[in-house]
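Please have a look at it first.

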Amino acid sequence: MENQILGLHHITAIAGKAKTNYDFYTKVLGLRFIKKTVNFDDPNTYHFYYGNEQGEPGTILTFFPWEGIQSGRRGTRQVTEIGYSVPAGSLEFWQKRLDDHHVIYNKVSEKFGEQYLTFLDPDGLKFELTVAKIEDERTPWTTEAISASNAIRGFHHVTITSNKIEKTAEVLTEILGYHLQEKAVNRSRFVTDTVNQAAIVDLVEAPGEAAGHVAGGSVHHVAFRVKDEATLMYYRDIIAARGLNITEKIDRNYFYSLYFREPGGVLFEIATDNPGFMIDEAQAELGTHLMLPEQYEEHRSEIEQILPKLD
Ligand code: ZN
């Protein structure tokens, strides 16, 4: 039981305008702004992290906002929706809130015995707010407008769409420790028993659908969670042994990472719990400073001039 994948760690997507993204996630959805940093490969653009009160893995959604980026297209070989878990009885609140903020959404529906509400973010990224069967006990971030009885808890699931799901399913079950829990029409629900939350990956099989295009409003990659670097390297060995290309260990300041493309075309990452988001900001101050990696610190004033203003 030493080496385990502990569900989802984070999901990273591409956005357009930084301020639009910041306003939507912190104000409309009421997530906590966990970290404001820059794209390590392009320090004149931001990298935003949103999460729950503690900035826990399994709640972290990150964005690279690029002003003026073209829109992506949803399709196969992609993550096609992100599922957040919300408390029982909160969907009415969310429907009204999305209405008030002119967000595009669908009426409440149900799958696998759980109610959910689908909506699109300002760049067209697709979400579901799901009332999970098992009560989600993660501590949410709350705001004046969104109390704990309605607040988003963290990830419920992520959905990947493929022409054929078989090879992706093999990666989930044979490498990452997931098992098929349920199937309805063309959606197969895979779950890991190692964690109670952020434990689900849905695979949707859409044989005739065209491949998507990853750009604005689409998911760039999905990261699975391990507890430490020793576990990370354990998975590196078994993924490489299956003939998949996998990167070396990369230091992302807040976690260590490996990346590989699963056979269905989606970029997967494995990321560690350590060192976590409190390595450079105290819990109470998460997200309140512009954090730069060491190599850019001497260029701080220029970078601050160039980065779009958020208030
Ligand atoms: Zn990542």
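This is a predicted model: local features need pLDDT of at least 70, side-chain atom pairs count only at pLDDT 80 or more; totals for chains, interfaces and linings use all residues.

**Around β12**

Helices (H or I, at least four residues) and strands (E, at least two) are DSSP runs, numbered from the N terminus. Two strands pair if DSSP finds at least two bridges between them. Here are the two partners of β12 described in this report.

| β9 (residues 154-162) | parallel | six | threonine 161 and valine 204 |

Buried means under 20% relative accessible area, exposed over 50%, and partly exposed in between (1.4 Å probe, protein chains only). Strand β12 (residues 200-205) is largely enclosed by the rest of the structure, because five of its six residues are buried.

**The nine-stranded sheet**

An open sheet with mixed pairing has the order β14-β15-β16-β13-β1-β4-β3-β2-β17. Its edge strands, β14 (250-251) and β17 (290-291), each pair on one side only. Strand β14 runs antiparallel to β15 (residues 255-261), joined by two bridges, and isoleucine 250 stands opposite serine 257 there.

Donors are N, O and S atoms within 2.8 Å of the metal (3.2 Å for Na, K and Ca); water is not among the atoms, so sites may look incomplete. The zinc ion has His10 (NE2), His221 (NE2) and Glu269 (OE) as protein donors, 1.9 to 2.0 Å away. Histidine 10 in strand β1 (residues 8-15) and glutamate 269 in strand β16 are 259 residues apart. Histidine 10 counts as buried because its relative accessibility is 2%, and glutamate 269 counts as buried at 1%.

**The nonpolar core**

A nonpolar core is a set of buried Ala, Val, Leu, Ile, Met, Phe, Trp, Tyr and Cys residues joined through side-chain atoms within 4.5 Å. The largest has 70 residues, and Tyr25, Leu176 and Phe224 touch the most other members. Helix α1 (residues 18-28) supplies the largest share of this core, five residues. Apart from it lies another core of ten residues, including Tyr49 and Tyr254.

Note on methods:
Residues are numbered from 1 along each chain as its sequence is written. Side-chain values use heavy atoms; hydrogens and water are left out.
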